[in-house]
Amino acid sequence: MEESLKEVTGMVLDEVAKLGTEDKKQFMECPYKIVEEDYDYLRRLRKRVDRVGMELPRIEIRFQNLSVKGEAYVGSRALPTLLNTTLNAVEGVAQMAGLSPSKKRTVNILQDVKGIVKPSRMALLLGPPGSGKTTLLKALAGRLDNDIKVTGKVTYCGHELSEFVPQKTCAYISKHELHYGQMTVRETLYFSGRCMGAGTRDRILSELLRREKEADMKPNPRTSKEAAAMTFQDTSLITDNILKILKLDSCADTMVGDDMIRGISGGEKKRVTTGEMLVGPTRAFVMDEISTGLDSSTTYQIVKFMRKMVHLLDMTSVMSLLQPTPETFELFDDIILLSEGQIVYQGPRDNVLEFFERTGFKCPERKGVADFLQEVTSKKDQERYWFRKNQPYKYVSVPQFVRAFNSFHIGLQLSEHLKVPSDKSRVHPDALVSEKYGISNWELFKACFSREWLLMKRNSIVSIFKIIQITIIAIIAFTTFSRTGGKAGQKNGAANFWGALFFGLTNFIINAMIELTMTVFRLPVFFKQRSSMLYPAWAFGLPICLFSIPVSLIESGIWVTLTYYSIGFAPAASRFFKQLLAFFSTYQMTLSLYRFIAVVGRKLLVANILGFLTMVTVIVLGGFIITKDDIELWMRWGYYLSPIMYGQNAISINEFLDKRWGNLTGSPHESTVGKTLLKERGFFTDEYWYWICVGVLLGLSLIFNFLFIAALEFLNAPADSKAMIADDDTENVSTRKLPPSSEGKISQREYKHSQDSKQAI
């Protein structure tokens, strides 16, 4: 049976693989003519599944007594001034040491919310800005930050988040567009799909083919090819699939672009962000304001596609939109209305107006329901919707709405449903993902290696510029430190050689600084993809380290080739290659050090400050500017810890222990001129120390690369500016607060409005 199954699956995949470029294009065009005709492809696939009595994985998300609290500065301390920033940093260190209590106020983001996100139903999350929508979505997807206090629980089919891998089970689509500008739209989606793998799609297709074979059913060849396109072996086809659905096919081969590269529009970037998750096998989607920057038509098409996917393939989806159009609003089955951190309504869309009419508010005929729902809980806008003219209007606060909903028949049904625990025994084995990554470690490495090679080719202008730069500096060096500047073998002629060696070493240290900037620019995309568990930190960092080896070897070779004999260093060929090895080892060590500093800093300003301080420190303690004997004893440890010291020793030993510096000095306490010069600078005087220093440099490069990957693994993305309450008149602040990922701040008026709401309760 297994052999027959493999044979059928192989035949289907072979037919798809044999398609040429034009055939693939026609093959993908055909289903999307049908997409406009009510998605017959998904209907045909669902019909095949139902015909053999096959059950697709279904995910039900529950959240009960969920409360989220955070901390924020209030009053004048909320202002982002230089003084406040310094005080905040000092107080943070003192608080960690237990020397000072926190001066932040605890505020509530979500307050005892509960609900159910059901499979095969589209749920829309609505709420005014600052109501806690992003925090709720992150809580459902298991993406909350560690510095936020969470109580209550979130379960998937009765299983808590610690029992499986929520990042692979549920795809969280952020409101932020973070992509590599040098990659095209197609390459971006293809890489995401390649890292996610086939997941449950392979097993579902194999089970479908097996059951059809047992029932002696002959599947439609076209439908089989379409299903095969959903497997990992045909990631390019499903990428084309998503490109057409999101209307990105016209710009599929255009670079995404960034601040320095012109690329696609902001709305198209938003669709790319959505497409990155849609190409994967995930069966639950949490989407955070994906309509920002999109026109209403494109938003409608995306929501319509998600609706078909959810209904026909039994998927789970909850989506927050900012002011959806009436046509888009009608596509949703359920509504979750959130205000001031509390759920005002959750249930079928058809009953939401009934609930508010029961409380005395009615949506005008020419008013969009979505806009009405987001304004009816606001004290400023609520009165205009009061329709009981025979009764005086009185402000209805959010807690009053919550109590009214709990007594509403939809709220009572929700409470009864939550009382019945989920039956774990009925959960489909493929519903929850227990593996961290979708493909093997080797495949992950190959995917990241291929992307790094692509980015390296796209950034070739940087490598070319660095080669031109080092060539020009090398020309300046050998014209400045020419052969006429010093006489080899004589003590009074060594200054020229000392200067040339130190200049070359410093050049590589400064030239490596660009690695710090380039690494910082790549971190936001890495942190986003790491949080989605597309790949581990080592798969991202290892290709970067490997590709730096040939680049640094080429640059070191250019420098040594142009300067070595023109300046007049030791003429032996072995000395030439030993200097090349010493410069290469120093360059590699410096690159790995700057990469590590970039990840520790994570922000360009912080990383540049740390990098500059580190560079100055290691150069000063390197043994040339200040000799070892001139350094105070209590600071001597800094000399041995300075990586540059080993590079300076290696190139100095290689030059001054050559036989042309072997003339005797005539002093009984000193042997040769070369060793005398080395002793004066506090350097080692034995030949074997060259190999020790090179070994230390290579060892340090490995250590810094390891620390670079470890920092990628354990450090989190730098938090965005947190919401701050600009009012410190009250002692016990218990109001809503935007999550750390939010972009805005709570204004004075918003905070006072929240306090007025509390007083009305």
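**Exercise 1. Describe the second largest pocket: its volume and its lining.**

Step 1. The second largest pocket holds about 1,200 Å³ of space. A pocket is an open set of points on a 1 Å grid over the protein atoms alone, where a 1.4 Å probe fits, with protein on both sides within 12 Å along at least five of seven lines. Its volume is the space filled by probe spheres set on the points.

The model is predicted: local features need pLDDT of at least 70, side-chain atom pairs count only at pLDDT 80 or more, and totals for chains, interfaces and linings use all residues. Residues are numbered from 1 along each chain as its sequence is written, and side-chain values use heavy atoms, without hydrogens and water.

Step 2. Find the lining (residues with an atom within 4 Å of a point). It has 40 residues; closest to the centre are Q182, N459, M518, F521 and R522.

Step 3. Sort by class. There are 21 nonpolar, nine polar and ten charged residues. Nonpolar means Ala, Val, Leu, Ile, Met, Phe, Trp, Tyr, Cys and Pro; charged means Asp, Glu, Lys and Arg; the others, Gly among them, are polar.

**Exercise 2. Which element gives the largest share of this lining?**

Solution. α21 does, with ten residues. Helices are DSSP runs (H or I, at least four residues), numbered from the N terminus.

**Exercise 3. Work out how α21 meets α23.**

Step 1. The axes, lines fitted to C-alpha atoms over the stretch in contact, come within 8 Å. They cross at roughly 35° (angles run from 0 to 180 degrees between N-to-C directions).

Step 2. List contacts (heavy atoms within 4.5 Å). Among them, α21 brings L516 and V520, and α23 brings L591 and Y594.

Step 3. The contact divides into nine nonpolar, one polar and two charged residues.

Definitions and conventions: Helices (H or I, at least four residues) and strands (E, at least two) are DSSP runs, numbered from the N terminus.
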